[in-house]
Amino acid sequence: MKHYIMNTSQKNLGVDAIDWVEFSEVESIRCGKEDSIWLSTFHKNWRENIIAASGKCRNVVLLTYHYDRPEMQTALLLGARAYCHALGQASLFESVSRVLKEGGIWVPNELYVNTTSAVATTLSLKEKVPEIATLTAREKDVLTGILEGLSNKEIARNLNLTERTIKEHVGTLLKKLNAKDRIGLLLSLGEFSHLKDAL
């Protein structure tokens, strides 16, 4: 996986790997679908850059200098698969790269918890939408736990089940709701658009 990073006058990323290539215009990038493009909110047209970059590869990262939930939501809706701090440690960027390589989505822990908590407070699983209607009662219980930001271990403890059983339910939920991971699950439920009105 090659990483293409938009150059800025800001501090350079703390990475010194051969696989990092600087660029100034998204249009100039010649990359494969499995490569990654790292953009920055330092550029005022970062939204347009995300859209353009999403047409070139599936792994688009937005680097920010200050975490902002609406900014993160916008980035994910436009096609970004990761949102992280531009001044993070090299280990952060390596972690983001590993998650992207496995097909996941990366968001900072502090925003992940806020996102799942916000969804949980607006979600009433008693009212059904087509996708939710196919879930068993136990799957709905597990989904509620996910939306509350609980770990598998915490959900297992709350439901008096084994962690292995919860993992199986999570796998079933991901399949039924066509998501690769927990963040994808939130997005597939429309957390940023119709969820509040549809459920």
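A word on the model before the close-ups. This is a predicted model, in which local features need pLDDT of at least 70, side-chain atom pairs count only at pLDDT 80 or more, and totals for chains, interfaces and linings use all residues. Residues are numbered from 1 along each chain as its sequence is written, and side-chain values use heavy atoms, with hydrogens and water left out.

**View 1. The protein chain as a whole.** The secondary structure comes to 10 helices and 5 strands. Both kinds of element are DSSP runs numbered from the N terminus: helices are H or I with at least four residues, strands are E with at least two. Of the 199 residues in the protein chain, 46% are buried. Take the contacts (heavy atoms within 4.5 Å) between residues at least 6 apart in sequence: 54% of them join residues at least 24 apart.

**View 2. The largest nonpolar core.** A nonpolar core is a set of buried Ala, Val, Leu, Ile, Met, Phe, Trp, Tyr and Cys residues joined through side-chain atoms within 4.5 Å. The largest one has 21 residues, and Phe23, Ile37, Leu39, Ile50, Val60 and Leu62 touch the most other members. At least two core residues come from each of strand S1 (3-6), strand S3 (36-40), helix H1 (46-54), strand S4 (59-64) and helix H2 (69-78). Zoom in on Ile50: leaving aside neighbours within four places in sequence, Ile50 is in contact with Leu39, Val60, Leu62, Ala75, Leu78, Gly79 and Ala80. In soluble globular proteins, nonpolar side chains tend to be buried together.

**View 3. Val170 and the second core.** A second, separate core has 15 residues, among them Val142, Ala156, Val170 and Ala179. Val170 sits in helix H8 (residues 163-176). With a relative accessible area of 9%, Val170 is buried. Not counting residues up to four places away in sequence, Val170 touches Val142, Ile146, Asn152 and Arg182. Val170 and Ile146 are 24 residues apart along the chain, and their C-alpha atoms are separated by 8.7 Å.

**View 4. Asp35, a buried charge.** Look for Asp35 in the loop between strand S2 (20-23) and S3. Asp35 is buried yet has no salt bridge, and the nearest side chain of opposite charge, Lys2, is 7.5 Å away. A salt bridge here takes a side-chain nitrogen of Lys or Arg within 4 Å of a carboxyl oxygen of Asp or Glu. The Asp35 side chain does reach two backbone nitrogens: that of Lys2 at 2.9 Å and that of Gly32 at 2.8 Å.

**View 5. Helix H2 and what follows.** The buried residues of H2 are Glu71, Met72, Gln73, Ala75 and Leu76. At the start of H2, a side-chain oxygen of Asp68 comes within 3.0 Å of the backbone nitrogen of Glu71. After H2 comes Gly79, with a positive phi near 125 degrees. Arg81 is in the loop between H2 and strand S5 (82-85). Like the residue in the previous view, Arg81 is buried yet has no salt bridge; the nearest side chain of opposite charge, Asp181, is 5.5 Å away. A polar atom of the Arg81 side chain lies 2.4 Å from the backbone oxygen of Gly103.

View 6. Asp141 is partly exposed at 36% relative accessibility. Another salt bridge joins Lys176 and Glu139 (2.8 Å, N to O). That pair links distant parts of the chain, with Lys176 in helix H8 and Glu139 in helix H6, 37 residues apart. Glu139 is buried at 6% relative accessibility, while Lys176 is partly exposed at 36%. Arg164 also forms a salt bridge, with Glu168, the closest N and O atoms being 3.8 Å apart. Arg164 and Glu168 are 4 residues apart in helix H8, so about one helical turn separates them. Arg164 is exposed at 64% relative accessibility, and Glu168 is partly exposed at 49%.

Key:
Buried means under 20% relative accessible area, exposed over 50%, partly exposed in between (1.4 Å probe, protein chains only). Lys and Arg count as positive and Asp and Glu as negative; His and the chain ends are not counted. A polar contact is a pair of N or O atoms within 3.5 Å; within protein, one must be able to donate a hydrogen and the other to accept it, and residues adjacent in sequence count only if both atoms are side-chain atoms.
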